[in-house]
Every structure is written in C-alpha cells, then in structure tokens.
Amino acid sequence: MINIPNLGQFDENSGLKPLTATSDGKFTVGQSGVAEIAVTGDGKVEFVSFGTHSMACVKSAISYPTYYPIEPVELQRPTKAVLMDLDGTSVRSEEFWIWIIQMTTASLLGNPKFELEDADLPFVSGHSVSEHLSYCIDKYCPGASLERAREFYFEHTHREMKEIMEGRGRDGAFTPVEGIKEFLYELKGMGIKIGLVTSGLYEKAWPEIVSAFKTLGMGDPNDFYDATITAGFPLRKGSSGTLGELSPKPHPWLYSETAIVGLGIPFAERNSVIGIEDSGAGVCSVRLAGYNTIGITGGNIEESGTGALCGHYCDSFEQILKIIKG
C-alpha cells in the first residue's frame, strides 16, 4: 500500500508505481524525512511523501522538473464552478491531433507510411505539442531537431484546419461529446460558473470550440463560457509567442488561472470547484491545482495510471451531474 498524504492510499492495482528515488535524484526513500515515493503509470508525475505532507514533481521532456505541494481536497456543495477540458471531454478530437503528430513524425522520417503504435498514445495526447514531438523524436527520430518537428507540425496543422474551416477537412475531426449540450445548459440553469480549459494552442483550440458550438446550435462560445483559457500562441521565428509550452497540463497553472483569475474564485474556496478531465495529464493538472477531480471515460486515464487520483470516475455527463447535485 502506498500512502501519499493529502492524495490518498493506493494499492498495487491503482496504476501508481513505487519508486526508491525521484528521477532527478533529489529525494530518496529513507533520507531527509522521505517516507515513500510513487509515480503515475505514464511516468509523468512523481509523488513524494514526507509522512505528514507531500509534494508532486511534474517531469518534462523539454524543461526542468517542477515541484508542487499537494493540497487536501474535500467536495463541498453547492458547487460554484465547473472547469472542463476541451479535447476528449467536450469535443472528440484526440484522434485528429494524434494523426497530426503521426504525420509530423512521418515527415521527419521521410516515410509517409509511418504509423504510431498503441503504446505511444498516452505520450502523444494530453500534454504540450513540444512534449508530444519530443517523445516521438526520442523514440523514432533520435537526433532530429525539435524546431524542425514544430515546423512540420504547424505546416500540417494550418493546412488541415484551413480545410476543415472551408468544409473540406477530415470527416469527424471535431465531434461534440454525447450529452454535453444538455449538461452545459443544466449547469447554467443552476447558476454554476463554467470554465473551458485546454492545453491546446489557441489556433488549434478555437476552431474546435466554434465547430462544436455550431454543430450543437449553441451560438457564440464567448457568450456562453464564463472563462476560457488555452495554451496561448506558439513561439515561432518572426512572431511573438505566449507562455504555453512549458506550463501546460499536468502543471496546474491553466486550471488555477481559469478559476482564480477568470472566474474570480479564491483558492480558499477551491473545494467548491470541480474539474472534469479525460486524460492523465489533465487529471494531474486539476488535482495539483487543488480542485476536485472527476474523470470521464474515453481518454487515457486508465492507460496513464491516474484513475486513482480521480475523486470520481464516470461514464457520462449524466453521472457527473448527479455528483454535482449531490
């Protein structure tokens, strides 16, 4: 049994794996007060227990590991805000973006027949573009330039998004998740604030949101959501970017900013906030931000070994609504 204070107790079937030391070598079990260390199944987040409190280390393929305190979470009603992920949770689009990553890797290899493996899926969804590309470079194109990979990625992205916006794109690229329209209107009727949170860059995310709302007949998403945050604009030569590649999920900042800045809910009232996610990176992001986490099926939560970090794990928005109502 693994015990991580403020997170929970986890058995061998939880998806978390015990470690003797953190990957950066800073902490070792039995030294400096460290009682236990565990890591998510996908290896992205490590948890360090000091017996009475704990920290989480978010690893990165392109930056320094970052440590965050793990705060206790308790579901308090009435719910003041619901924070919702975009890809996979609100809109079925993960297959499209994985396809873009696959085409990018194929371009790097000069092999148009290249295909990703099922084992790659937890590492090419839910994180930042550069994280996804770094993973593929390490596995399939050792020595290739991340800068070159990003050039291919945005070349494919711009072409395919243009096709979609002009009605000629990939069929089924962006499909609203079943039941989301009724769910969103129910939340509105209850007076609950709604925030949309995505690690996707604005140029990727916004067409998805607009497309989904058009399909649902829900008008302008800017008029509906109380706050929306994306990973900003990509840093490329000849233009100014915004911070997004080093601070996305599983870091907590996107969720924290949406709730605290966007919705005006102070951290002291975090127990009345719920985050809904379908990816392992998202689950960690919500939980490290200090909010109640509800996982929804259809993503990579089970594959990433983060299911045990969810306060609830549901099959539908109908089930989630019951939890919110109590």
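**Entry 1. Terms and model.** I count as helices the DSSP runs of H or I with at least four residues, and as strands the runs of E with at least two, numbered from the N terminus. The model is predicted, so I note that local features need pLDDT of at least 70 and side-chain atom pairs pLDDT 80 or more, while totals for chains, interfaces and linings use all residues. Residues are numbered from 1 along each chain as its sequence is written, and side-chain values use heavy atoms, without hydrogens and water.

**Entry 2. Cis peptide bonds.** I looked up Pro78 and found it in the loop between β7 and β8 (81–85). The peptide bond that leads from Arg77 to Pro78 is cis, and its omega is near 10°. I then went to Pro250, which sits in the loop between β12 (227–229) and α7 (253–262). Lys249 and Pro250 are joined by a cis peptide bond as well, with omega about 10°.

**Entry 3. The five-stranded sheet.** In what order do the strands of the open sheet lie? I read the order as β3-β4-β5-β6-β7, five strands with antiparallel pairing. The edges are taken by β3 (17–19) and β7 (66–69); each has a single partner strand, so one side of each has no neighbour in the sheet. Strands count as paired if DSSP finds at least two bridges between them.

I went through the pairs in turn. β4 (residues 36–39) runs antiparallel to β5 (residues 45–49), and four bridges hold the pairing. For Glu36, I found Ser49 in β5 as the bridge partner. β5 and β6 are also antiparallel, joined by five bridges. Across this pair, Glu46 has Cys57 of β6 opposite. The two strands β5 and β6 make a hairpin, and four residues lie between them. In that turn, Gly51 has a positive phi of about 90°. Last, β6 is joined to β7 by four bridges, again antiparallel. Here I found Tyr68 of β7 opposite Ala56.

Entry 4. Asn6 lies in the loop between β1 (2–4) and β2 (8–10). It counts as partly exposed because its relative accessibility is 33%. Is Ser32 buried or exposed? Ser32 counts as exposed because its relative accessibility is 69%.

**Entry 5. Arg168.** I found Arg168 in the loop between α3 (146–165) and β10 (175–176). Why does Arg168 count as partly exposed? The reason is its relative accessibility of 48%. I left aside the neighbours of Arg168 within four places in sequence; beyond these, Arg168 is in contact with Lys162 and Glu163 (heavy atoms within 4.5 Å).

**Entry 6. Cavities.** A cavity, on a 1 Å grid over the protein atoms alone, is a set of points where a 1.4 Å probe fits but cannot get out; a pocket is an open set with protein on both sides within 12 Å along at least five of seven lines, and lining residues have an atom within 4 Å of a point. Points are joined across faces, edges and corners, and the volume is the space filled by probe spheres set on them.

How many cavities of 30 Å³ or more are there in the whole structure? I noted three. The largest cavity has a volume of about 210 Å³. It is lined by 21 residues, and Asp87, Glu94, Gly126, His127 and Ser199 are the closest to its centre. Both α1 (94–109) and α2 (129–140) supply at least two lining residues. α1 gives the most, with three. By class, I noted five nonpolar, nine polar and seven charged residues in this lining (Ala, Val, Leu, Ile, Met, Phe, Trp, Tyr, Cys and Pro are nonpolar, Asp, Glu, Lys and Arg charged, the others, with Gly, polar).

**Entry 7. The largest pocket.** I noted about 450 Å³ of space in the largest pocket. Of its 19 lining residues, those closest to the centre are Ser93, Glu94, Glu95, Ile98 and Gly298. Which element supplies the largest share of this lining? It is α1, with five residues. The pocket lining divides into five nonpolar, seven polar and seven charged residues. I noted that Glu94 is listed among the residues closest to the centre for the largest cavity and for the largest pocket.

Conventions:
Buried means under 20% relative accessible area, exposed over 50%, partly exposed in between (1.4 Å probe, protein chains only).
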